[in-house]
Amino acid sequence: MSAFRAASAIRIPARSVARVGRRGYADVADDKLKLSLVLPHQSLFSSAAVTQVNIPAATGDMGILANHVPSIEALRAGVVEVIQDGGKSDKWFVSAGFATVHGNNTLTINAVEAYSLDKFTLENVRAGLADANKVLGSSAPEAEKAEARIEVEVFEGLQAALSK
């Protein structure tokens with residue numbers, strides 16, 4: 001008997017397949033999202049119950065509610081907005097990092113650095129942006145220009161956040 005005919009003669013009992021409901025956009029949930037916003041040197045939020053978190057994902061801005069589809073997002077320079085009960089909103093500027101949405105209504109944001117948006121002034125940000133652009137337009141070494149490109153990206157994100 002050939003191996004093919006022998007293998008096809010074996011009857012494997014049909015397994016029951018569990019049906020999983022299709023998930024799309026996050027539903028408005030009664031549950032709270034548990035937020036952990038962590039920096040290398042401190043934790044700004046540690047499993048804090050919040051209503052919504054808006055993040056500056058590399059693919060575009062995202063709003064995250066409880067019951068959000070699990071995902072991992074790279075963060076670009078921009079504002080993380082934490083909306084708590086009663087609509088109170090805290091805004092943090094992050095330079096980069098990652099956001100991980102877990103299936104159990106937990107959001108973990110690991111950021112390189114984060115500062116409260118009210119710590120910045122538009123005048124100082126504009127001055128920093130002008131200085132970084134000056135380095136880009138100069139005959140500075142390539143390493144300095146690479147740093148200036150990063151500074152421009154961060155200062156432009158800050159300027160956009162403060163101009164709203």
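1. Which residue in S7 does Val82 stand opposite? The model under review is a predicted one. In it, Val82 stands opposite Asp90 in S7.

2. The strands around Val82 deserve a careful look. Strand S6 (residues 78–83) and strand S3 (residues 52–57) run antiparallel and are joined by 3 bridges. Within this pairing, Val53 has Val82 in S6 as its bridge partner. S6 also runs antiparallel to strand S7 (residues 89–94), and 6 bridges join the two.

3. The hairpin of S6 and S7 has 5 residues between the strands, and Gly86 there takes a positive phi near 80 degrees.

4. The structure holds 4 salt bridges. One of them is formed by Asp85 and Lys32, whose closest N and O atoms are 2.5 Å apart. This pair links distant parts of the chain, 53 residues apart: Asp85 lies in the loop between S6 and S7, and Lys32 in the loop between helix H1 (3–9) and strand S1 (33–38). Asp85 counts as exposed because its relative accessibility is 52%, where exposed means over 50%. Lys32, at 34%, counts as partly exposed.

5. Another salt bridge joins Asp61 and Arg76, with the closest N and O atoms 2.9 Å apart. Asp61 is in strand S4 (residues 60–64), while Arg76 is in the loop between strand S5 (71–75) and S6. Asp61 is exposed at 57% relative accessibility, and Arg76 is partly exposed at 31%.

6. Glu142 and Arg149 also meet in a salt bridge through their side chains (2.9 Å, N to O). Glu142 counts as exposed, at 51% relative accessibility, whereas Arg149 counts as partly exposed, at 42%.

Note on methods. Residues numbered from 1 in each chain as written. Predicted model: local features only at pLDDT ≥ 70, side-chain atom pairs only at ≥ 80, totals over all residues. Heavy atoms only, no water. Pairing = 2+ DSSP bridges. Helix = DSSP H or I, 4+ residues; strand = E, 2+ residues; numbered from the N terminus. Buried < 20%, exposed > 50% of the residue type's maximum accessible area, 1.4 Å probe, protein only.
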